[in-house]
Amino acid sequence: MNPARSLTLPLWLLTFIACVAAFKVGAGVLAPIVLALVIGVVLSPLSRRIDRLGAPPAAGAFLTLFAMLLLIVGLFTALEPVLSEALERAPQIMDEVREIITNIRSAMQGLDNVSAEVAEAMTDDAAVAAEVAAPATAEVAQPVADEGEAIELPSMTDALFYAPGFVATVMVFVATLYFFLLSRREVYGWIAGSPAVPLGIADLLEAEREVSRYFLTITLINAGLGLLVTGMLVLYGMPYAVLWGFGAFLLNYVLYIGPAGFAVGLLLAGLVAFDGPLSFAPAATYVFMNAIEGQFVTPSLVGRQMSVNPLLVFLSLVTWLWIWGPIGGVVAIPLLVWAMVLIKRGHAAQTISSGTPGRLRPNLLATAEG
């Protein structure tokens, strides 16, 4: 075996570990930069349309950035009254959730006690029954003791302490997004000029269009799901239905993990808001809606050519969530789609000619676009 080839796998493994460690350590700076690059790719169609109108590149980048910030401010302004009311009622809601969890644990303790009595009857050994019942009793005693404790909300001092870091993160994000929109073609030219990258500017632009098309399609699907969830919760009489619908819209970007967490939260909210079988109706209806969206709507609109292996999606989500938290969950899928498109076009650019071994066939896609 070639010694150089035998060292390839360890070198790639060490490189991967080093990159993950660098991303983890530099999360405060790298996370907003990568998020800005992903958002810049998604917003590239709007920037191209503005450029085609004859606007200067700086004006196009500024207008695109302004439109995105205006949309974000508008959404939070519309949700602010509902969000403020929910935050005011947060201690009361948490007390009700804690009471539900305590009741569930009490029921589990009852099952453990029954198991202990059965074991005692079968073995006639009181010591064994005591060892089985003691852990359950100890586990339930703690929540009951803590039930009267007040829920600690962030104070003004905490807000002032974290404000500079938050403002710096926002500034890094906004500046990176603006300069990327302003000079993304130059960035692509620099990447394509590297000898280690077998891609042209046309390949990078096509990957940008694919990721943008994918992300915008998913955004429309998530918006439709959020509206349906809001309407469903309004029919059920669920408090803060609009806020729950917005949460369904956002968490549906984090495939698998986001909808699962949202379903659990909706189940707890249903137990707090309703009594009887109606308590489970909101979560059950959402799971049904999400299954229809995931199995039929998304595959039909996204298309098979953009389908991604579920294992890769899950591993990408877990990795980026572990590295960067919620920001990692947002950028995981676009980065994965971008990488897959670039790899696919890289293989197309390096197809071996059947007539002359060792020679590269020209990239026909890049030639046609050029």
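Glu 210 forms a salt bridge with Arg 213, the closest N and O atoms lying 3.3 Å apart; a salt bridge is here a side-chain nitrogen of Lys or Arg within 4 Å of a carboxyl oxygen of Asp or Glu. Both residues belong to helix α9, where three positions, about one turn of the helix, separate Glu 210 from Arg 213. Helices (H or I, at least four residues) and strands (E, at least two) are DSSP runs, numbered from the N terminus. The model is predicted: local features need pLDDT of at least 70, side-chain atom pairs count only at pLDDT 80 or more, and totals for chains, interfaces and linings use all residues. Residues are numbered from 1 along each chain as its sequence is written, and side-chain values use heavy atoms, with hydrogens and water left out.

Glu 210 counts as buried because its relative accessibility is 17%, whereas Arg 213 is partly exposed, with a relative accessible area of 45%. Buried means under 20% relative accessible area, exposed over 50%, and partly exposed in between (1.4 Å probe, protein chains only). A further bridge joins the side chains of Glu 206 and Arg 209 (3.3 Å, N to O). Glu 206 and Arg 209 are three residues apart in helix α9, so about one helical turn separates them. Glu 206 is buried at 14% relative accessibility, while Arg 209 is partly exposed at 26%.

The count of salt bridges comes to four. Among them is the pair formed by the side chains of Arg 184 and Glu 208 (3.0 Å, N to O). Arg 184 lies in helix α8 and Glu 208 in helix α9, so this pair ties together parts that are 24 residues apart in sequence. Arg 184 has a relative accessibility of 3% and therefore counts as buried; Glu 208, at 0%, is buried as well. Arg 48, Arg 184 and Glu 208 are linked in a network of salt bridges.

With regard to overall architecture, the protein contains 15 helices and zero strands. Of its 370 residues, 31% count as buried. The protein exposes about 22,500 Å², of which carbon and sulfur atoms supply 72%; accessible areas come from the Shrake-Rupley method with a 1.4 Å probe, and for residues only the protein chains shown count as cover. Among contacts (heavy atoms within 4.5 Å) with a separation of 6 or more, residues 24 or more positions apart account for 70%.

In soluble globular proteins, nonpolar side chains tend to be buried together. A nonpolar core is defined as a set of buried Ala, Val, Leu, Ile, Met, Phe, Trp, Tyr and Cys residues joined through side-chain atoms within 4.5 Å. The largest such core in the model has 46 residues, of which Ile 39, Met 68, Phe 173, Leu 177, Tyr 188 and Trp 324 touch the most other members. At least two residues of this core come from each of α3 (27-42), α5 (57-88), α8 (156-192), α9 (201-236), α10 (241-251), α13 (310-324) and α14 (326-349). Apart from this core lies another, of 15 residues, including Leu 225, Met 238, Ala 263 and Phe 274. When neighbours within four places in sequence are left aside, Trp 324 is in contact with Phe 23, Ala 27, Leu 30, Ala 31, Val 34 and Val 331.

Two further buried positions were examined. Ala 269, in helix α11 (residues 257-273), counts as buried because its relative accessibility is 14%. Beyond its neighbours within four places in sequence, Ala 269 is in contact with Met 238 and Trp 244. Ala 269 and Phe 280 are 11 residues apart in sequence, and 9.4 Å separates their C-alpha atoms. Asn 290 is located in helix α12 (residues 281-302) and, at 18% relative accessibility, is buried. With neighbours within four places in sequence again set aside, Asn 290 is in contact with Leu 225, Asn 252 and Pro 259.

On the surface, Tyr 256, Ile 257, Leu 311, Phe 314, Leu 315 and Val 318 form a nonpolar patch with about 540 Å² of accessible area together. Patches are made of residues with over 30% relative accessible area and no salt bridge, like charges being joined within 9 Å and nonpolar side chains (Val, Leu, Ile, Met, Phe, Trp, Tyr) within 5 Å. Helix α13 gives the most to the nonpolar patch, with four residues. Leu 311 is found in helix α13 and is exposed, with a relative accessible area of 53%.
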